[in-house]
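Reader: I would like a close look at one part of this model, the pairing of charged side chains. Please give the cut-off for each term as it comes up, and then connect the account to whatever else is on record.

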Amino acid sequence: MLPEEVLRQAAAEMLDWHGSGHSVLEMSHRSQEFASIIASAERNLRDLLAIPDNYRVLFLQGGATLQFEMVPLNFLVGCGCADYVHTGIWSGKAIKAAQRLGKVNVVASAEDAKFTYVPPQNEWRLATDAAYVHYVANETIGGVEFHWTPDVELPLVCDMSSNLFSRPIDVSRYGLIYAGAQKNIGPAGLTIVIVREDLLGKAQPAPSLMMDYRTHTRAGSMHNTPPTYAIYVAGLVFDWLKGQGGLVAMAKNNYEKAQLLYDFIDASSFFANPVRKCDRSLMNVFFTLADPALDELFLTGAKERALLQLKGHQLIGGMRASIYNAMPLAGVQALVNYMQEFEAGH
Ligand code: PMP
């Protein structure tokens, strides 16, 4: 969900951006107008996350999936190994991608409990010669989230695709953060990378220019045409976030929304969530019905009430309520009201 104000502003500016006589969709990425759009987006992104000066911000394409490969191509190839934490489907995909390129040490896995918890750091078996430690901050499909930052000596690399901007983070604890924009930031097509400069200095030359982070830092994300419209909308979302009180305000809202839904699920004997309470995602609330035969009926009734996209991921089934920043508390309340009604009727 994107903030309605953002969609309205994008609509109002669609035909004529700031009196320029053309749409952002028609702009050259080399134009002065677009230069101001990307500069303002980066400024606000840096402000919101309080990014230190020794970090570079990149606006790339290829999704988080390309980052599953760019990270090892720049930092693992030619080195001993890399440490990965396995907490669900997305970290599993990151591991698989890295294994094609080098040696991966899985420091901990929650597979024994069907990925319903985050393995605590005191159980991790970190390698002594690893190039970095990789984890997925929020497993979007299983609804499992790290509510703490791992404390490691090695560069920490994190996939924050589904929870970046949902709360304040300390960027200085990380070597590299990446996130596909389409969950909590803006439209699909944009991937944000935040990387510490000294790591780039030490990186291996990647086998192709496009896969080398330095190609993109040197060119200011303009080695080739960046996803201009997605950057523009993300910029509007950053403005909106600042207007809402920034990430401290977001964290408070997100906690309240998720709590409302989890409290209801926990009190219900019809709906259930299997994730360990302290590791539950504030962004994606996974839940099951007592009888999966009722799933389709539940989804049909939900759609009639404009409660959309509740079907769980095809790999694990069940339901998933994605309650990103732009989802108001009233939206979650509407879902809870419907769930209550459905439970009573079935
Ligand atoms: N990581 C996480 C945590 C995700 O949620 C997703 C997308 N659902 C991905 C990676 C893959 O992103 P993309 O499709 O943009 O490559």
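Charge pairs and their surroundings

Author: Glu145 is buried, its relative accessible area being 1% (buried is under 20%, exposed over 50%, partly exposed in between, with a 1.4 Å probe and protein chains only). The model is predicted, with local features needing pLDDT of at least 70 and side-chain atom pairs pLDDT 80 or more, while totals for chains, interfaces and linings use all residues. Residues are numbered from 1 along each chain as its sequence is written, and side-chain values use heavy atoms, without hydrogens or water.

Glu145 has a salt bridge to Arg167, with N and O 3.2 Å apart (a side-chain nitrogen of Lys or Arg within 4 Å of a carboxyl oxygen of Asp or Glu). This pair joins distant parts of the chain: Glu145 is in strand S6 (residues 144-145), while Arg167 sits in the loop between strand S7 (156-159) and strand S8 (176-180), 22 residues apart. Helices (H or I, at least four residues) and strands (E, at least two) are DSSP runs numbered from the N terminus. Arg167 counts as partly exposed because its relative accessibility is 22%.

By this rule there are 14 salt bridges. One of them pairs Arg56 with Glu197, where the closest N and O atoms are 3.9 Å apart. Arg56 belongs to strand S1 (residues 55-60) and Glu197 to helix H5 (residues 197-202), so this pair ties together parts 141 residues apart in sequence. Both ends are partly exposed: Arg56 at 29% relative accessibility, and Glu197 at 37%.

Glu341 and Arg305 also meet in a salt bridge, at 2.6 Å from N to O. Since Glu341 lies in helix H10 (residues 329-345) and Arg305 in the loop between helix H9 (295-304) and strand S12 (319-322), the pair ties together parts that are 36 residues apart in sequence. Here Glu341 is partly exposed, with a relative accessible area of 46%, and Arg305 is partly exposed at 37%. Salt bridges also link Arg196, Asp198 and Lys202 in a network.

Lys257 is buried and has no salt bridge, and the nearest side chain of opposite charge, Glu256, is 9.3 Å away (Lys and Arg count as positive, Asp and Glu as negative; His and the chain ends are not counted). Leaving aside residues up to four places away in sequence, Lys257 touches Ile323, Tyr324, Asn325, Met327, Pro328, Leu329 and Val332 (contact means heavy atoms within 4.5 Å).

Thr65 is in H3 (residues 63-75), and at 49% relative accessibility Thr65 counts as partly exposed. Oxygen atoms of the ligand lie 2.4 Å from a polar side-chain atom of Thr140 and 3.5 Å from one of Trp90. Taken alone, the ligand exposes 400 Å², of which the protein buries 86% (Shrake-Rupley method, 1.4 Å probe).

How values were computed:
Polar contact = N/O pair within 3.5 Å; in protein donor to acceptor, adjacent residues only side chain to side chain.
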